[in-house]
Amino acid sequence: MAKLIQISNVTIAHPYKEAEQGSLFIEDGKIIDEKKAIGKEVTLIDGTEKGWIIVPGYIDMHIHGSAGCDVMDATQEALSGLASALPKEGTTSFLATTMTQQLDAISNALQNASSFQSTPQQADMLGVHLEGPFISPVRAGAQPIEHIIDPSITLFADWQKRSGNRIKLVTIAPEQPGGVEFVQAMKELGVIASIGHTNATVDEVNEAVKAGANHVTHLFNQMSPFHHRDPGSIGGAFLEEALAVEIIVDGIHSHPKAVELTYRIKGADHIILITDAMRAKGLQPGIYDLGGQQVHVSEKDARLHDGTLAGSILTMENAAKNMRAITGCSLREMVQMTSTNAATQLGLSNKGRIEFGKDADLTILDSDWTVQMTICRGEIAYRKELE
């Protein structure tokens with residue numbers, strides 16, 4: 001008889017309805033109806049009196065690295081190390097995120113990503129987020145300015161081929177020469193065009209949305225600021241309903257009041273929590289590499305020698321906790337911001353919700369939203385009790 005997993009006596013969270021008390025059944029990596037479990041051998045995970053909450057596994061759409069590994073290392077070992085580290089923070093899926101570098105370095109990273117497949121006990125690499133080089137040199141941040149180039153549909157086509165069609169999202173400064181045409185091409189190709197590292201005016205953001213942009217890369221960071229006579233790209237992000245916004249809720253990249261403002265204006269259904277983490281996440285403070293640049297990592301942040309923020313060391317677990325502390329968001333809203341919205345944005349019908357037939361990508365939390373267990377496609381990938 002086929003074996004299956006039964007998770008009993010837990011609170012099951014949903015994005016668009018209230019949570020319910022009950023049990024879940026998992027078989028062959030999918031969530032199944034209890035009726036299909038009758039007469040089969042069961043591995044029981046019992047949440048009785050533990051106060052456990054089970055939520056759809058977190059999806060990180062913007063992460064460069066963790067545990068000493070970086071996507072730009074362009075090795076299978078680096079991607080495997082990243083995928084293995086993420087379940088500890090409740091993440092079951094991610095977009096491997098590149099950065100602005102020499103063209104050959106980006107090509108190599110994409111070629112490497114083309115053949116990578118996560119194991120069942122690793123977070124699922126859903127594809128690639130191409131962050132740069134099609135960005136504004138005025139808003140480069142930690143992206144090496146010398147490697148920034150104008151948007152090129154021809155170059156993207158070559159990179160997409162090298163990646164095995166795994167590029168799912170591209171960060172683009174739409175005000176750059178050819179930027180709007182590039183956005184339109186991405187829409188036609190079914191690739192998410194994300195406005196980011198941009199000096200766009202509010203009108204240029206509007207033009208990009210009309211061309212097909214529907215996403216914003218790390219709202220507030222490396223974007224033209226809001227002013228009452230010049231609302232900039234931040235004003236455009238707030239005003240354009242078509243735009244879902246990424247946000248790094250670590251208390252460093254954005255002031256808590258800015259996070260609260262975003263929550264009030266955009267609402268939980270248009271916010272996607274990300275980490276934008278670099279390789280030092282999970283490691284001791286020290287000096288680490290990011291795209292050939294030295295990054296000074298402390299207990300709380302990662303910065304270049306001039307003080308520029310260079311990604312984060314945030315976990316998705318803490319992103320969710322911080323969001324609740326700042327906004328008082330509900331469990332239902334947290335599910336939207338950590339999983340469902342990302343799945344919807346990526347067009348994934350098999351992830352982001354706890355329903356029959358969907359992937360058994362599940363994160364079990366305690367009442368404080370601390371990760372107790374992570375299940376990736378039906379396999380237990382992390383147990384806090386075993387640490």
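Which residue in β4 stands opposite Gln 6? The residue in β4 opposite Gln 6 is Leu 44. This is a predicted model, in which local features need pLDDT of at least 70, side-chain atom pairs count only at pLDDT 80 or more, and totals for chains, interfaces and linings use all residues. Residues are numbered from 1 along each chain as its sequence is written, and side-chain values use heavy atoms, with hydrogens and water left out.

**View 1. Strand β1 (residues 3-12) and its burial.** Of the 10 residues of β1, 8 are buried, so the strand is largely enclosed by the rest of the structure. Buried means under 20% relative accessible area, exposed over 50%, and partly exposed in between (1.4 Å probe, protein chains only). Helices (H or I, at least four residues) and strands (E, at least two) are DSSP runs, numbered from the N terminus.

**View 2. Strands paired with β1.** Two strands pair if DSSP finds at least two bridges between them. Strand β5 (residues 53-56) pairs with β1 in the parallel sense over 2 bridges, and Ile 53 in β5 is the bridge partner of Thr 11.

**View 3. Helix α2 (residues 103-114) and its packing.** The buried residues of α2 include Ile 106, Ala 109, Leu 110 and Ala 113. Buried residues of this helix pack against α1 (76-85), β10 (124-131), α3 (153-162) and β11 (167-172), where contact means heavy atoms within 4.5 Å.

Methods. Expected span 1.5 Å × (residues − 1).
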